[in-house]
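Here is a friendly note to read with the model open beside you. Take the points one at a time and find each residue as it comes up.

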Amino acid sequence: MMSNTVTVKGIREGILFHISDQDWNENFQALTTLVKDRQEFWKGAKVVLDAGNSEVTSDQLLALKDELSGYDLALWAVLSENKSTQNAAQFLGLATRISRLESNLTTDFETTYYQGEEAIIFNKTLRSGFRIEYDGHIIVIGDVNPGAEIVASGSVLVWGKLRGLVHAGALGNETAVVCALDLQPTQLRIAEQISITPKRRGKPQPEMAYLCDGKVVAEAWNYKG
Amino acid sequence: MPGKVITITSGKGGVGKTTATANIAAALALINFKVICIDADIGLRNLDVVLGLENRIVYDLVDVIEGRCRLRQAMIRDKRLPELYLIPAAQTRDKSAVSPSDMVRLCDELRPDFDWILIDSPAGIERGFRNAISPANIIVVVTNPEISAVRDADRIIGLIEAEEKGPAQLIINRIKPEMVKKGDMLSPDDVLELLAVDLLGLIPEDEMVVTSTNRGAPVVLEEKSRAGQAFRNIGQRITGEKVPFVPIEEQRGFFTQIGKMFRKG
């Protein structure tokens, strides 16, 4: 998932890409694949490029800026120790210095990263025809309407009504679970197991579905901890 | 004030987009707004038939866009409502004859001269739909109280949100109060609960819609029609007036039933 040549940090101003001193073309390739993979996630963010010591021309920066804007990302600053890269950035009207970069607000992507333990949050209702696929957990704050599909390698948590199709543990993780405030999916899959929601009796209540002896079971959530 | 563009769409076919377009247009024209309807359903045109203007078509939308006639020449004025105009769709071409930017340009040209520009969208989510929503200020989604129509409406509303054209407003058409009462039909509340959008109108099932469509006269012109009244209410809501939503069951009392029996006889 992480590229060898490019590292990413979430900073207060948006996203910071740090590129290594390798060949520019390789860096460019790595950056675009990274961005392409996460375009939904990063959409609309402001980007800072930390070019380290490498020399980058203004043409190359311009090409990157164009490429990023194709994914709805705005390159606004370039950090560099290389004088000619700094000049190139200034020539394009990009900032070459950002404030409080090393402050406590910085979250380091690498230190919070565990393989398969990433999650994304969707803060909206997913309507028919939408499909989310993610290598990690998926959290939806909103409803998942019939005709929408959620596929996650990890667990799925819906803070709302879940009525579409949901597949947790899609790569075979049998410990994945599906939770929802109202669990009424058209079809619920965990790892290789497929189940159909039985007709509900009584009031909707928060439920959690998981695999038990190779079968999908759903249990009311009444945490009395 | 430049005119506003309202696009009427649905996803599923046959739920009453064209009927809704014709009637909302006529309802707005009845309260003295200058209105033009554009039929964007190229290749399967209908709006001219519903408005009873088919026999007066000389030029159509594609002729305007391809420059074979001036905009004025393609506008057909309604016989009954002097403030209502129509630009018909071409019957012999298909949706690819028009692009979304063509529609934006066309509407920009019409805005100074009209208060409301209504676009009747084709069914589906392809090119024709994109053409129809690209110039819209307001998007009205029509659905029926049926699972399949509601599912398609949900999809369309999602696409409208993705294009940042939202929030869409909803018309639920062809509601049968008796069936809703018995629990055999989705109630307006069921539909709204799923779609979670603003309600613009509830149209009861009404046989007069069929007769007036066949005659080519919008049902809003029928004083006594329940559907006509519902469309007149929608017209007023669009202009910003607060018209309460009357529960549909209440509109049909004992006396209107008796009255209907006499009229039939």
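Predicted model: local features only at pLDDT ≥ 70, side-chain atom pairs only at ≥ 80, totals over all residues.

1. Residues are numbered from 1 along each chain as its sequence is written, chains are lettered from A and ligands numbered from 1 in the order in which they are written, and side-chain values use heavy atoms, with hydrogens and water left out.

2. Start with chain A, which has four helices and 15 strands (DSSP runs numbered from the N terminus: H or I of at least four residues for helices, E of at least two for strands). Of its 225 residues, 43% count as buried (under 20% relative accessible area; exposed is over 50% and partly exposed in between, with a 1.4 Å probe and protein chains only).

3. Chain A is assigned domain 1 (6–91) and domain 2 (119–220), with bounds from an automatic or database domain assignment. The centres of domain 1 and domain 2 of chain A, taken over C-alpha atoms, are 36 Å apart.

4. Next, look at the largest pocket, with a volume of about 830 Å³. A pocket here is an open set of points on a 1 Å grid over the protein atoms alone, where a 1.4 Å probe fits, with protein on both sides within 12 Å along at least five of seven lines; lining residues have an atom within 4 Å of a point. The volume is the space filled by probe spheres set on the points, which are joined across faces, edges and corners.

5. Which residues lie nearest the centre of the largest pocket? They are E40(A), F41(A), F122(A), R131(A) and I132(A), out of 30 lining residues. Strand 6 of chain A gives the most to this lining, with four residues, and each of domain 1 and domain 2 of chain A supplies at least three. Helix 7 (147–162) of chain B is among the elements that give two or more.

6. Now turn to the largest nonpolar core, where I24(B), L84(B) and L118(B) touch the most other members among 38 residues. Such a core is a set of buried Ala, Val, Leu, Ile, Met, Phe, Trp, Tyr and Cys residues joined through side-chain atoms within 4.5 Å. Helix 1 (residues 17–30) of chain B gives the most to this core, with eight residues. A second, separate core has 27 residues, including V6(A) and L75(A).

7. In helix 5 (residues 100–110) of chain B you will find L106(B). Is L106(B) buried or exposed? It is buried, because its relative accessibility is 4%. Residues up to four places away in sequence aside, L106(B) touches I38(B), L61(B), V64(B) and L71(B) (contact means heavy atoms within 4.5 Å). L61(B) is 45 residues from L106(B) in sequence, with 9.4 Å from C-alpha to C-alpha.

8. Finally, compare two residues with positive phi that are not glycine: A191(A), at about 50°, and N32(B), near 65°. A191(A) lies in the loop between strand 12 (187–190) and strand 13 (193–195) of chain A and is buried at 4% relative accessible area. N32(B), in the loop between helix 1 and strand 2 (35–39) of chain B, counts as exposed at 63%.
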